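Biologist: Before I rely on any label for this molecule, could we go through what each one rests on?
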Amino acid sequence: MQRNLFLGVEAIGQAAIDAGISGIYAYPGTPSTEITEYIQNNKVAVERDIHREWSANEKTALEEALGMSYAGKRSMACMKHVGLNVAADVFMNAAITGIHGGLVITVADDPSQHSSQNEQDSRFYGKFAMIPVFEPSNQQEAYDMTREAFEFSEKTKLPVMIRITTRLAHSRAGVVQKEILPENELKLPENLMQFMLLPAYGRKYYQNLLDKQGWLTELSEKSEFNTFTEGKDKGLGIVTCGIAHNYLMENYPEGKCPYPVVKISQYPVPEKWLKKLENECDELLVIEEGYPLVEELLKDYFEKGTKVCGRLSGVLPRRGELNPDHVAKALGKEKAETFKVPDNLANRPPSLCAGCGHQDTYFALNEVIEEIGDGRVFSDIGCYTLGALPPYNTINTCVDMGASITMAKGASDAGLKPVFAVIGDSTFTHSGITGLLDCVVENTNVNIIIVDNEAVAMTGGQDSSAKGKIEKICEGIGVQPEHIRLFIPLKKNHDEIVEIIKEEMEYDGVSVIIGRRECIQKIARTKKINKAKKQA
Amino acid sequence: MKTDIILAGVGGQGILSIAATLGAAALNENYYLKQAETHGMSQRGGAVVSHLRISDKPIYSDLIPMGEADIILSVEPLESLRYLPYLSQGGSLVTNTTEFKNIPNYPELDKTFEELRKKFKIVQIDADKIARDIGNPKASNMVMLGAASPFINIHDEIIVEGIQTIFKQKGENIVCLNTKAFEAGKKFTGQ
Ligand SMILES: Cc1ncc(C[n+]2csc(CCOP(=O)(O)OP(=O)(O)O)c2C)c(N)n1
Ligand code: SF4
């Protein structure tokens, strides 16, 4: 059988194509970005003209995917974990409407925060919405489970969540593919009121969702992805979730764990297997990547039952990504001494690229700040967040996408003046526009600097939905045209940039200052792609 | 047969071409392979690492356990030291000597390497110079792979096949240069 080396994310992208999707809907976010990029570059996807453009944000992406499902076709939405916060409204409600064409939502969590603001565990969202969650443990399962998820979605008439973490997303292994399925036919839902959540309908549909829960548990118990493996030593029973299974098995090189093991890759949890394990074993150890969801579920509130250990009890770390060494320790295995990292090692933190336009903006803004004092620059997330670090030390906040403008507004409302918001072009169209509208409605005294590098740079230089539209958007919302200013972030323009910022600072109202110069990495990448195209 | 390799470098140095070459070689040999990469902020000069595992038996963890790496292969000297707790007793460290100095407090490393040499095998190679001498400065990663090859449990011919697989769309000339780079690295360690 032919194996191809696939990253976890690529395996998911390929499986979605092979399952016959008609559309992928997404906004970039590490570590989920490459699912969409894989499909964008895939020959079959291009031939079939599968929808594969980026959406403005995760909410629009999931709603668009749901619309495609309404029309009977299979679709996937994907996002990073915090993206699901943005899409939470449609996510919760799509569980209640259910789906028509198979709908799979892939969410990539980032334990240890390799490149995120937090390490929230999306399985909680799955449980909250009461929908099936698939959590593959390796690249082959990522492929198999994704392909199966569409059928499962259509069978249960529910959206299915696939939850992965950074490690699986960005690790490669050999994957065997199956044949590619045809796309679904265009078809309206049988019940044209299926997606109508007026309370009278919504109550009924919510009851349907509740009624399905027992069946979903049964399906989990029958699933080939959830297994019970016997073990002779009943002193301990082990529950593993998703990729954590590998960290257990790594400690038993011949694949023979002496303890009984329940491996969970499909939720709701397979109750039957867990009860059997609890029945047979003296004590339970739960190994799961993320928050202690299953451990919490199994732990008796009053601790009279079987002892359950894991991240909550402290035998595994409460925070951060797991690894085989954590699990070895939890199993009481002695590890030999290892070599130490030399004391004189220096850290090498990420920094803005040499020649990046964000630098020029920050150096100019710093000159203004020197006069008015620190603590007035609200920002959010993008390459420009690195402006929080030396040598810039310019920005003071980074909470979530769009929060630069809105937090600056709140602070201004409180009386802090002048205030600045620094926001990227893609972040602006993702979730900055509505905040700007709030400012315009009240003519709030804010100075909004849009650092427009004509790219979604942080996640690898995807095309930005904002390109060529920012001035028109601002004007359309009602920002005074004379307070929409433009500069080119270059060293030689330093004095001019300082002057523009100072002038707008004097204005008691909404100012939008746009610094526009394309990301140099994006320029280099475009050149490379064009060269490759020419050669081909 | 198993070889666990920690691949280290700085974002943008292209350690992934080494991983891709070994990946192609492993696939040709029908070995199992897992390779965990750092993505995300990598274009901006931060530390990057990849765990590369090759075996004739199924591999479970995408991450190499502490103290079990057979090789640390680094394209930058400072980065070669960051992951020492992963190196096994009896493991080897193979590093490029060309420093990538994008931080103000880049340490002096000669004495550190001298000390460590007492504890395990270290190969220090000026891969950039060797690649330049061959006539392709971009091939320094293949020089590094060649330098590490004596410690990797895959036949050289198979790795060279991997080089062909990875570089063939760039033309015969590039395949040739990279193969030459590989051979030069191998020769260095052999001496
Ligand atoms: C809700 C949410 N979605 C996605 C991300 C991932 N992400 C972080 S910054 C960013 C885009 C930044 O683009 P832009 O605003 O243009 O700034 P640049 O990086 O180009 O400077 C993305 C997609 C996130 N952190 N949160
Ligand atoms: S990737 Fe682009 S935006 Fe990000 S730091 Fe580099 S040049 Fe600046």
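Modeller: Let me begin with a pair of residues: A:Arg485 has A:Ile513 of S19(A) as its bridge partner. This is a predicted model, in which local features need pLDDT of at least 70, side-chain atom pairs count only at pLDDT 80 or more, and totals for chains, interfaces and linings use all residues. Residues are numbered from 1 along each chain as its sequence is written, chains are lettered from A and ligands numbered from 1 in the order in which they are written, and side-chain values use heavy atoms, without hydrogens and water.

Biologist: What makes S18(A) and strand S19 of chain A a pair?

Modeller: Strands (DSSP runs of E, at least two residues, numbered from the N terminus) pair if DSSP finds at least two bridges between them; four bridges join S18(A) to S19 (residues 510–516), so the two count as paired, and they run parallel.

Biologist: Why are strand S15 (397–398) and strand S18 (484–487) of chain A called edge strands?

Modeller: In the open sheet of six strands, ordered S15-S14-S16-S17-S19-S18 in chain A with parallel pairing, S15 and S18 each pair on one side only.

Biologist: How do you know which residues come nearest to ligand 2?

Modeller: A residue is near if one of its heavy atoms lies within 4 Å of the molecule; of the twelve residues around ligand 2, those that come nearest are A:Cys353, A:Cys356, A:Cys383, A:Asn453 and A:Cys519. Ligand 2 lies between chains A and B.
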